[in-house]
Amino acid sequence: MSEAEKIGLLEEAMDLEPGTLKPEDVLADFDEWDSIAALSLIAIFDSNLGKTLSGDDIKKFVTVKDVIDFMEA
């Protein structure tokens, strides 16, 4: 999966238009980075990546790149 596809999954979770996010963006700068986005991201990780994502994992995410890195781990 390419970096752009991974960013697309995050944009989907945050209900953002495609092309909105860049790896260096700080998640807290977006109003859409909320508990609903976190739940969506948990579901996306499970269904698309077969990975388990916890609330503690999400709390560690600062930038879009942090999420991408976790997808690759």
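The legends below describe close-up views of a predicted model.

**View 1. Helices α2 and α4 pack with their axes within 12 Å.** Helix α2 covers residues 35–49 and helix α4 covers residues 64–72. Their axes cross at roughly 35°, and the crossing is right-handed. On the α2 side the contact is made by Leu41, Phe45 and Leu49. These residues meet Val67, Phe70 and Met71 of α4. Sorted by class, the contact of α2 with α4 holds six nonpolar residues, with no polar and no charged ones.

**View 2. The largest nonpolar core has 22 residues.** Leu10, Met14, Trp33 and Leu41 are the members that touch the most other members of this core. At least two core residues come from each of α1 (3–14), α2 and α4. In soluble globular proteins, nonpolar side chains tend to be buried together.

**View 3. Surroundings of Leu10, one of the core residues that touch the most other members.** Apart from neighbours within four places in sequence, Leu10 is in contact with Leu21, Leu27, Trp33, Leu41, Val64 and Val67. Two of these partners, Leu41 and Val67, also take part in the contact between α2 and α4.

**View 4. A salt bridge joins Lys6 and Glu72.** The side chains meet with an N to O distance of 3.0 Å. Lys6 belongs to helix α1 and Glu72 to helix α4, so the pair ties together parts that are 66 residues apart in sequence. Is Lys6 buried or exposed? Lys6 has a relative accessible area of 9%, which is under the 20% limit, and therefore counts as buried.

View 5. Lys65 is partly exposed, at 34% relative accessibility. Asp69 is also partly exposed, at 34%. A search of the whole structure finds two salt bridges; the other pair is Lys6 with Glu72.

**View 6. Asp15 has a positive phi although it is not a glycine.** The phi value of Asp15 is about 60°. Asp15 sits in the loop between α1 and α2. With a relative accessible area of 68%, Asp15 is over the 50% limit and so counts as exposed.

**View 7. Met1 lies in the segment before α1.** Not counting residues up to four places away in sequence, Met1 touches Lys6, Leu9 and Leu49. Lys6 is the residue that forms a salt bridge with Glu72, and Leu49 is part of the α2 side of the contact with α4. Met1 counts as exposed, at 53% relative accessibility. The C-alpha atoms of Met1 and Thr52 are 17 Å apart in space, while the two residues are 51 apart in sequence.

**View 8. Thr63 is placed in the loop between α3 (55–60) and α4.** Which residues does Thr63 touch, not counting those up to four places away in sequence? The partners of Thr63 are Pro23, Glu24, Asp25, Val26 and Leu27. Leu27 is also in contact with Leu10. Thr63 has 17% relative accessibility, under the 20% limit, and so counts as buried.

How values were computed
Residues are numbered from 1 along each chain as its sequence is written. This is a predicted model: local features need pLDDT of at least 70, side-chain atom pairs count only at pLDDT 80 or more; totals for chains, interfaces and linings use all residues. Side-chain values use heavy atoms; hydrogens and water are left out. Axes are lines fitted to C-alpha atoms, for helices over the stretch in contact, and angles run from 0 to 180 degrees between N-to-C directions. Helices (H or I, at least four residues) and strands (E, at least two) are DSSP runs, numbered from the N terminus. A crossing is left-handed if the near helix is turned anticlockwise from the far one by less than a right angle, and right-handed if clockwise. Contact means heavy atoms within 4.5 Å. Ala, Val, Leu, Ile, Met, Phe, Trp, Tyr, Cys and Pro count as nonpolar, Asp, Glu, Lys and Arg as charged, and the others, Gly among them, as polar. A nonpolar core is a set of buried Ala, Val, Leu, Ile, Met, Phe, Trp, Tyr and Cys residues joined through side-chain atoms within 4.5 Å. Buried means under 20% relative accessible area, exposed over 50%, partly exposed in between (1.4 Å probe, protein chains only). A salt bridge is a side-chain nitrogen of Lys or Arg within 4 Å of a carboxyl oxygen of Asp or Glu.
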